[in-house]
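Student: I would like to go through the aromatic rings of this model. Please show it first.

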Amino acid sequence: MIQADVAEERNEILKRYRRLLRQAKPILKSGDTKLIKKAFTISLEAHKDMRRKSGEPYIYHPLEVALICVEEIGLGTTSIISALLHDVVEDTDLELEDIERDFGYKVMTIIDGLTKISGVFEYGSSQQAENFRKMLLTLSDDVRVILIKLADRLNNMRTLGSMPRNKQLKIASETMYLYAPLAHRLGLYAIKSELEDLFLKYTDTESYQDIVHKINESKSYRNKFIKSFIQPVEDELIRQGFKFTIKGRPKSVYSIFNKMKTQGIPFEEVFDLFAVRIILDSELENEKADCWQAYSIVTDFYRPNPNRLRDWISTPRSNGYESLHTTVMSTTGQWVEVQIRTGRMNDIAERGYAAHWKYKEKDTSGRSGPGLDEWINQVRSMLESNDGSAIEFMDDFRGNLFNDEVFVFTPKGDLKVLPTGASALDFAFEIHTMVGAKCIGAKVNQRLVPISYKLKNGDQVEILTSSKQKPTEDWLHQVVTSRAKAKIKDALREEKKSAILDGREIVQRKLKSMKLDFSSEVIEQLRAFFDLKTANEFYYRVGRGIIDPTSIKSFKDFKEQQKQKSKTTEKVKDESSFTKEIKNLKGPEHDQLLIGEDMDIVDYNLAKCCNPIPGDEVFGFVTINEGIKIHRTTCPNAVELLSNHGNRVIKARWTSQREIAFLAGLRILGTDRVGMINDLTKVISNELKVNMRSITVDSDGGIFEGTIKLYVNNTEHLDQLIKNLNQIEGVIKVSRFD
Ligand code: MN
């Protein structure tokens, strides 16, 4: 039985190996096959007793990674060998010297680089950031290290299904945090969108499946539509003697998901679900003219949207991407994005960096932009000049992956470069921490603007300060640079610290005047009385005046009552029964959640950023000051938390549904009519016995828009409510918000 399996596995391994050779064949030079075979044999032998989490032979992994390098990135023999051996030094007895002896210096350095950055995320957060920095340093040595690492990550994401849940979340999040932006920056669009799709699949399975299902459902309709859309264009291209391929393809699941989310619309309303791509077979010197000719043909049949023309042929993007994009109106009234490019441009678009350089070598005109070179140089100088914390650096770097920059000037004319979206406040912190902390506004080009003003290229900025100014929580939303964020957080922490000290003093005085001991027992009782998580939280509130010191008196009264009571009935023995007593008086507060490996019930907070309710998929996050916080896996902060601080993530799951209310928000859109609000509130309060906390309504030009905050028991309950609300006359759409 086992024998048969082994034989079958051997066959499968050989099959996969031959597939790799077949794919690589066009690029192999004499002697290459022998080297690849040698690498394969060594890897096979080295991993022979190892298996993947899925139970499959380990060798499948290096084979697949090598295949991705060839097929999807377009790399050559050196990379194939390195990919086959990428886990060998780390996992087995084989040494780097052995590799160098058998395959030479280059392969050895690549594998060394890959070994150093593997397990990058297994350690504490700063360690991980430091390792990531190292990884990027190798970028300028040999970019193949990064490309093979991306292939490695892609294969791991494709096989993520067999990993335990918390690993899935962690790996998927780092992928989204680092690898997808990196793939984007290196121009590997196909890999980037696959990584994003897989991220969605494992973090928000329901939405993912839903979109996939809907894409499939609309397939035959879409195919018909595309066929009739491209027909006239195709005919005319042929008539004018073009050689080309033309096809329509749906956009990635993740990009559709993103549209639905950012625009708050259902799948059916995402208008550009797919793009039509025309790939011309064109000589290098005719490329530009041919593409514009094709553009002219397309727009002869369909009216273009003037705001949606993107010419990345005259000015390629900095990662080398070249293409002409336009969005046109079809005869059925649907917008369709049309992408026009040549075979060469398509190759670069799909396989990124490697293809880019392949062509660049051939192109003696030097027309391809030097963007990537420049970027790598920038990364290098950033790495060398980095003297801040590694985490901060990583944020900066990530910012640089996507963001373009905005160039602004100081009053004296010094140039400052900030990421796009930076505010006047960012600028202030860029000048100096104290300038930032005291900033009350700015003068931009002699005009007065608030601290939230978004900087534009060429702005000349003068910061206005006041000694009375102090950073607030709100400021964190007004800045984009990691520097400003860190400084504001520092200031807030300081502020909190001094408030705690103040509070402690006040409490001490007050207790003394009431003739109570300033003991940990009394403080613990006070904490419980005011229903706070920690003693510091209690001090803080007193210090900031949120808790009036005189109300400590009511605590004394309460304590005396308890004493009276304990004389007649049972005694309140210890702190925990005291706490319980208070809970009984105040009623239950939280639902139960099972947390950690043992699925214990421990104390936790629900994160304010995503307001999880029972039924949501959640995870726990160990915060520094506030215990365990529960977030939804779809929380906007989840990616950052899971990827940067994976070691502080613990799994969490709701207990069976309990009848406890949770706060949720609904947005209702409809046509306005008399009695609308009445009907809404009727459904909410009468029919379902839900508690409404607040309702706000806007009515403009016959359109009704309402937001309702209410307490519900669980997601099922909420879904039911949404369904009922949808049935009210005039209601067009009901959606949930966080
Ligand atoms: Mn690997």
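Student: Which residues do ring pairs link into a cluster?

Tutor: This is a predicted model, in which local features need pLDDT of at least 70, side-chain atom pairs count only at pLDDT 80 or more, and totals for chains, interfaces and linings use all residues. Residues are numbered from 1 along each chain as its sequence is written, and side-chain values use heavy atoms, without hydrogens and water. Rings of Phe, Tyr and Trp (its six-membered ring) pair if their centres lie within 6.5 Å; planes under 30 degrees apart are stacked, over 60 edge-to-face, and the rest tilted. The cluster linked by such pairs consists of Tyr221, Phe225, Phe229 and Tyr302.

Student: How many aromatic pairs does this rule give?

Tutor: The rule takes ring centres within 6.5 Å. The count comes to 13.

Student: Are the planes of tyrosine 17 and phenylalanine 40 stacked or tilted?

Tutor: The ring centres are 4.0 Å apart. Tyrosine 17 lies in helix H1 (residues 2–24) and phenylalanine 40 in helix H2 (residues 32–46), 23 residues apart; helices are DSSP runs (H or I, at least four residues) numbered from the N terminus. Because the planes are at 5°, the pair is stacked.

Student: What is the relative accessible area of phenylalanine 40?

Tutor: Buried means under 20% relative accessible area (1.4 Å probe, protein chains only). Tyrosine 17 is buried at 7%. Phenylalanine 40 is also buried, and its value is 5%.

Note on methods:
Helix = DSSP H or I, 4+ residues; strand = E, 2+ residues; numbered from the N terminus. Buried < 20%, exposed > 50% of the residue type's maximum accessible area, 1.4 Å probe, protein only.
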